[in-house]
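Please read them with the coordinates open.

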Amino acid sequence: MDLDFNKEQEMLRKSVAEFLSKECPFDDVRELEDSEKGYSPALWKKMAQLGWMEACFPETYGGYGESFFDIIIIMEEIGKKAYPSPFFSTVVLCGQTILEAGSEKQKKDLLGKIAAGKLIMALAQQEVDASFEPADVSMPAELSGDQYVLNGTKMFVQDANVADKLIVAARSSEGVTLFLVDAKDPGISCRKLNTIGKDNICRVDFKDVKVSKDDLIGDDGKGVDILEKMSQRAVVAKCAEMVGGAQESLEMTVSYSKQREQYGTPIGGFQIMQHYMADMKIAYETCANYLYQVAWMVDEGKATVLATSALKAEVSRQYKFITEKGVQIHGGIGTTREFNIGLFYRRAKAFEYVLGDADYHTEKIAQAAGM
Amino acid sequence: MDFSLTAEEQAFEKELEVFFEAEMKNAPPEFAGGLEGIYANEEGNNFHKYMAKRLGEKGWIAHAWPKQYGGMEATIMEQMIFDEVRGRYGAPGIDAFGVGMFAPTLLVGATEEQKERLLPPIAKGEVFYCQGWSEPDAGSDLASVTTLAIRDGDHFIVNGQKTWTTGGHYSDHMFLLARTDSDSKRGKGLSVFNVDMSLPGIEVRPLLYMDGNHIYNEVYFKDVKLPAYDLIGEEGKGWDLTRQTMNFERSGQGAYAGMRVIVDELIGYMKNTKRGGKSLADDPINRKKIAQLIIDCEMGTTLGYKIGWYQSKNDAMNIIWSASSSKLLATELAQRLSQYATEIMGSYGQMEDDPEAPMGGHMANLYQFCKGMTIYAGTNEIQRNLIAWVGLGLPRLKFKP
């Protein structure tokens with residue numbers, strides 16, 4: 001057992017943290033949240049130049065990634081800075097799907113472009129019934145000659161408004177299948193939804209969108225399997241972002257409580273505040289340590305549904321707990337747009353819905369435990 | 001970042017599983033485990049003492065000690081594996097007070113003569129200890145103890161009362177915290193002693209728990225003559241030594257492994273039980289409860305590894321808050337487990353060790369016993385204070401009475 005990060009990982013963490021602190025302070029985060037695009041194309045380019053995307057893919061496909069921990073570290077730091085970008089959609093959701101099931105040609109072409117920062121992608125899975133279950137995908141993909149025709153609506157598609165390409169889960173005669181679609185197809189219309197995370201969550205409508213047989217990701221009818229395998233990794237990456245946010249929320253709250261004085265003394269000296277913060281620390285530490293253990297399992301090819309679901313369920317619950325208490329300890333000022341703790345309070349709720357909420361994952365745990 | 005076990009560690013785990021699998025066949029029927037299992041009745045205590053002897057023969061009691069005192073200098077990892085496997089089997093045999101607290105205290109604070117005299121019988125599983133800390137007016141505020149031990153030539157004369165003495169009725173010795181300077185206040189003037197419980201003037205009276213079980217005691221000292229050679233560490237420096245002992249008290253992984261086994265038993269019970277024609281295992285509320293218990297066991301186990309990691313690096317500050325966190329998590333989880341189990345069982349949840357009780361009635365017993373867990377060994381409120389002060393660097397306000 002060795003529960004420390006190695007030198008290279010520490011260096012990666014430091015470089016991501018320094019970049020984001022310098023290039024995207026919290027005031028800029030608020031501006032990006034209010035902008036139409038929801039992210040900064042200029043910073044996206046710089047991220048690529050720094051090699052963040054390359055770190056997530058193997059050498060054969062234009063990257064230099066060796067360990068799943070590289071993604072975990074980048075996501076944790078992104079989480080700490082509440083940094084808005086299509087990194088998770090592009091690199092994790094779509095990148096890992098392509099890595100899992102794409103053809104050799106797709107991997108070389110698409111992953112190479114993602115690694116170079118030249119392609120932004122979004123994954124369209126959920127539908128109007130808001131089911132998290134890949135098997136519940138019902139949008140039809142009808143075979144007509146040698147192409148498929150997509151018609152229907154996808155909901156909660158993050159970054160569809162800025163994506164160049166979409167991966168769309170739709171149901172062919174063989175079952176749920178993944179299609180690679182040009183986001184600028186005239187049959188596609190996209191509306192950015194007003195959401196709590198202000199994070200490019202979109203509704204996407206498809207009207208007679210034609211997809212060539214060459215643009216399937218994986219085999220016809222194998223979509224559920226591919227999405228489930230991808231989710232095993234992606235959910236851990238999302239939890240890293242949440243754990244990073246939880247850490248920042250705890251730290252900014254503790255630091256605020258040491259400065260803010262009432263009754264002539266720092267409020268952090270009051271026992272009720274201390275007990276809230278002790279509970280926040282336990283919540284953060286248990287989640288962070290479990291995150292690393294599950295990430296290690298992913299790296300070793302040993303991840304189980306029980307472990308990844310336990311992680312997402314608990315991190316969803318505890319990130320909300322930490323940010324809720326964080327705002328409470330800040331007092332009235334914590335509820336303002338100007339103060340940073342609110343960025344995290346909103347993200348904790350928004351991220352709860354990514355790849356399954358706590359209820360969805362607790363049911364998975366019950367099944368995995370033989371019930 | 002690497003959570004794997006070495007081949008040697010895996011082999012050790014296997015060896016332990018084989019050992020406990022065989023030895024637990026000697027347990028009395030309906031053995032409950034935990035403090036209740038080993039102190040509430042004669043059969044349970046006999047089994048505890050039998051198991052201690054067996055563990056002593058294997059060398060696993062003194063596992064982590066230096067070789068010169070009969071130890072094997074086991075790594076922290078090996079100790080964690082031992083705790084985890086023992087926890088999984090609910091096996092007794094490790095005296096939480098003698099082995100868990102007093103022996104490490106002796107190792108850091110006793111003279112060579114004392115170590116050579118007192119450690120081997122503990123290592124062999126032949127001598128059992130109780131803890132002489134709490135008093136009626138000194139609980140969380142332990143430094144305010146008033147029991148006196150006044151020097152008289154080569155003896156100390158002890159007068160006073162201790163309480164909450166777990167297992168005192170089955171113990172050979174006590175480690176006693178007493179005031180050796182009658183004019184002293186709080187942490188100053190306290191000393192630690194090794195006390196033979198058979199000395200004249202010591203009286204042990206039961207302090208029955210709410211369910212009627214005899215686990216705790218009151219211990220009265222009336223002019224008890226302690227030989228001076230049983231003073232541990234320097235006279236008047238007992239508070240520093242005791243604070244070190246507190247950190248030994250709060251480790252204790254293995255609790256999660258034990259609870260995980262109970263959760264599996266509970267799942268088995270649910271799958272075999274119907275209410276209103278439906279399996280208890282199919283009820284969505286029950287499923288959610290079970291999932292939360294599993295999550296908590298998983299999280300706690302991993303935190304346990306992290307504590308071990310801090311211990312292996314002698315990272316004192318991180319050991320303190322993380323051990324406090326684990327005490328808090330494990331005890332509140334035990335309460336949640338017994339709460340959920342007794343809820344899932346419906347009206348059967350109230351049945352103690354009755355022939356018709358599900359799971360031997362252990363959950364109704366745990367429901368009562370576990371209330372004490374968030375109070376003993378440093379209340380969970382005290383643990384939260386420690387986490388805030390040591391783990392987060394929050395200011396410690398002085399009381400102004």
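1. Confidence. This is a predicted model. The predictor assigns the complex an ipTM of 0.91 and a pTM of 0.94. For chain B the mean pLDDT is 94, with 98% of its residues at 70 or more. Where pLDDT is low, the predicted coordinates should not be read in detail.

2. Overall form of chain A. Chain A contains 11 helices and 10 strands. Its radius of gyration is 21 Å, close to the 21 Å that the globule rule gives for 371 residues, so chain A is as compact as a globular protein of that length. The C-alpha trace of chain A spans about 80 × 45 × 40 Å along its principal axes. Of the 371 residues in chain A, 53% are buried. Counting contacts in chain A between residues at least 6 apart in sequence, 74% join residues at least 24 apart.

3. The four-stranded sheet of chain A. Four strands of chain A form an open sheet in the order 1-4-5-8, and the pairing is mixed. Strand 1 (121-124) and strand 8 (216-217) of chain A stand at the edges with a single partner strand each, so one side of each is left without a neighbour in the sheet. Strand 1 of chain A runs parallel to strand 4 (residues 165-172) of chain A, and four bridges join them. Within this pairing, A:Leu123 has A:Ile167 of strand 4 as its bridge partner.

4. A:Ile167 and the core. What does A:Ile167 touch, leaving aside its neighbours within four places in sequence? Its contacts are A:Cys94, A:Thr97, A:Met121, A:Leu123, A:Ala124, A:Leu178, A:Leu180 and A:Ile217. A:Ile167 is also listed, with A:Ala124, A:Phe179, A:Leu291 and A:Ala295, among the residues with the most contacts inside the largest nonpolar core, which has 237 residues. Helix 8 (residues 271-299) of chain A provides the largest share of this core, 17 residues.

5. Antiparallel pairings of strand 7 in chain A. Strand 7 (residues 201-212) of chain A is joined by nine bridges to strand 3 (residues 147-158) of chain A, and the two run antiparallel. In this pairing A:Gly152 is opposite A:Phe206 of strand 7. Strand 7 of chain A also pairs with strand 6 (residues 188-192) of chain A, again in the antiparallel sense, over five bridges. There A:Arg191 faces A:Arg203 of strand 7 as its opposite residue.

6. Strand 5 of chain B. Is strand 5 (residues 190-196) of chain B mostly covered or mostly open? Mostly covered: six of its seven residues are buried. Strand 5 of chain B pairs in the antiparallel sense with strand 4 (residues 173-179) of chain B over seven bridges, and B:Met174 stands opposite B:Val195 of strand 5. An antiparallel pairing with strand 8 (residues 231-232) of chain B has two bridges, with B:Phe193 opposite B:Leu231 of strand 8.

7. The interface. The contact between the chains involves 33 residues of chain B and 36 residues of chain A. On the chain B side, helix 9 (284-312), helix 10 (316-344) and helix 12 (380-391) each supply at least two residues. Helix 9 of chain B gives the most, with 14 residues. By class, the side of chain B that touches chain A has 21 nonpolar, six polar and six charged residues.

Notes: Residues are numbered from 1 along each chain as its sequence is written. Chains are lettered from A and ligands numbered from 1 in the order in which they are written. This is a predicted model: local features need pLDDT of at least 70, side-chain atom pairs count only at pLDDT 80 or more; totals for chains, interfaces and linings use all residues. Two residues are in contact if their C-beta atoms, placed from the backbone, lie within 7 Å. Ala, Val, Leu, Ile, Met, Phe, Trp, Tyr, Cys and Pro count as nonpolar, Asp, Glu, Lys and Arg as charged, and the others, Gly among them, as polar. A nonpolar core is a set of buried Ala, Val, Leu, Ile, Met, Phe, Trp, Tyr and Cys residues joined through C-beta atoms within 7 Å. A residue is buried if 20 or more other C-beta atoms lie within 10 Å of its own, exposed if 12 or fewer, and partly exposed in between; C-beta atoms are placed from the backbone. Two strands pair if DSSP finds at least two bridges between them. The radius of gyration is taken over C-alpha atoms; the globule rule is 2.2 Å times the number of residues to the power 0.38. pLDDT is the predictor's confidence in each residue, from 0 to 100.
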